[in-house]
Amino acid sequence: MPTGANKKKKHTYIWVSAIILVFGIFAVYEITKRVKGDTIVENDRMSAKLGKAKVGFIENQGEKRKVPAFSFYNQDSVLVTNKDFLGKVYVVDFFFTTCPTICPVMTKNLVVIQNTFSESADFGIASFTINPRYDTPSVLTEYAEKYGVTDEDWHLMTGDQEKIYQLAQEGFYIFANEDEAAPGGFEHSGMFALVDKNGYIRSRKDQFGNPLIYYRGTITEEQGENSDGETQQITILKEDIKTLLKE
């Protein structure tokens with residue numbers, strides 16, 4: 001027959017087991033919720049670093065930064081200006097078709113974004129070549145076909161090189177430069193800029209309350225992070241596009 005001490009131990013074990021069971025069920029529930037949308041590790045990591053804060057404006061000397069006027073020909077030889085993007089949320093990048101390094105990854109990430117918002121008439125992409133001497137409309141058309149550009153509001157644009165570089169460096173503060181020593185003869189940033197329906201450059205804030213400003217375009221969602229420990233930002237870019245589309 002069990003003694004009083006043994007009965008006490010037995011009851012203690014039962015209570016401990018019950019508590020463990022309850023916490024285990026709760027943990028499984030929380031994990032299941034996180035799995036439904038995306039990978040657990042990446043979502044948790046992104047939430048910890050950037051959260052889901054409001055997509056704010058980028059300011060320069062107290063003024064909200066707006067995309068300056070531009071006018072270039074797209075892959076269909078149609079003249080496209082910044083006014084054609086008014087009323088649309090759009091992503092901006094600078095690339096060139098013969099880029100042997102980061103451009104293919106950037107374009108593939110943009111195709112993922114294109115496909116995510118394929119049903120939205122208020123979304124677009126503006127890609128500017130930094131090698132317009134080679135990247136003519138016909139070359140851009142071949143590039144678009146190669147990578148699966150199907151959205152009629154994704155314009156791959158070419159034109160005067162000086163004006164394109166001015167747009168990149170002074171309009172978006174995105175680095176672009178012709179450099180014979182660089183792979184492919186050009187050096188440029190692999191970042192994406194996000195623009196709202198009124199032409200303002202937007203981004204969420206980091207964990208310190210500073211604007212993210214740009215989104216990494218050189219790491220895929222599947223890759224997660226690169227060799228330098230930098231995490232992909234395509235997931236949060238898609239989240240922020242959704243936020244701006246609702247404005």
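This is a predicted model: local features need pLDDT of at least 70, side-chain atom pairs count only at pLDDT 80 or more; totals for chains, interfaces and linings use all residues.
Local features were considered at pLDDT of at least 70 and side-chain atom pairs at pLDDT 80 or more, whereas totals for chains, interfaces and linings use all residues. Residues are numbered from 1 along each chain as its sequence is written, and side-chain values rest on heavy atoms, with hydrogens and water left out.

Helices (H or I, at least four residues) and strands (E, at least two) are DSSP runs numbered from the N terminus. Helix α4 spans residues 137–147, and its buried residues are Val 139, Leu 140, Tyr 143, Ala 144 and Tyr 147. These residues lie on the same side of α4, because they cover an arc of only 140 degrees around the axis; the arc is that of the directions from the helix axis to the C-beta atoms. Buried denotes a relative accessible area under 20%, exposed over 50%, and partly exposed the range in between (1.4 Å probe, protein chains only). The buried residues of α4 pack against β6 (89–95), α3 (103–116) and β8 (154–157), with contact defined as heavy atoms within 4.5 Å. Glu 142 and Glu 145 are exposed and sit on the face of α4 turned away from the buried side. Just after the helix, Gly 148 adopts a positive phi of about 90 degrees.

Helix α3 also meets helix α6 (residues 234–245); the two axes come within 11 Å and cross at roughly 35 degrees. Axes are lines fitted to C-alpha atoms, for helices over the stretch in contact, and angles run from 0 to 180 degrees between N-to-C directions. The crossing of α3 and α6 is right-handed, meaning that the near helix is turned clockwise from the far one by less than a right angle. On the α3 side the contact involves Asn 109, Val 112, Ile 113 and Thr 116, and on the α6 side Ile 234, Leu 237, Lys 238 and Ile 241. By class, this contact of α3 with α6 comprises 5 nonpolar, 2 polar and 1 charged residues. Here Ala, Val, Leu, Ile, Met, Phe, Trp, Tyr, Cys and Pro count as nonpolar, Asp, Glu, Lys and Arg as charged, and the others, Gly among them, as polar.

Gln 161 belongs to helix α5 (residues 161–171) and is buried, at a relative accessible area of 17%. Apart from neighbours within four places in sequence, Gln 161 contacts Ile 130, Pro 132, Arg 133 and Glu 178.

A salt bridge requires a side-chain nitrogen of Lys or Arg within 4 Å of a carboxyl oxygen of Asp or Glu, and the count by this rule is 7. Glu 178 and Arg 133 form one of them, at 2.6 Å from N to O. Glu 178 is in strand β9 (residues 176–178) and Arg 133 in the loop between β7 (123–129) and α4, so the pair ties together parts 45 residues apart in sequence. Glu 178 is partly exposed at 36% relative accessibility, whereas Arg 133 is exposed at 57%.

Arg 204, in the loop between β12 (201–203) and β13 (215–216), is 35 residues from Glu 239. Glu 239 is partly exposed at 26%, and Arg 204 is buried at 2%. Lys 238 pairs with Glu 221 at 3.1 Å, N to O. Glu 221 lies in the loop between β13 and α6, 17 residues from Lys 238, and Lys 238 is buried at 14%. Salt bridges with shared partners also join Asp 196, Arg 202 and Glu 247 into one network.
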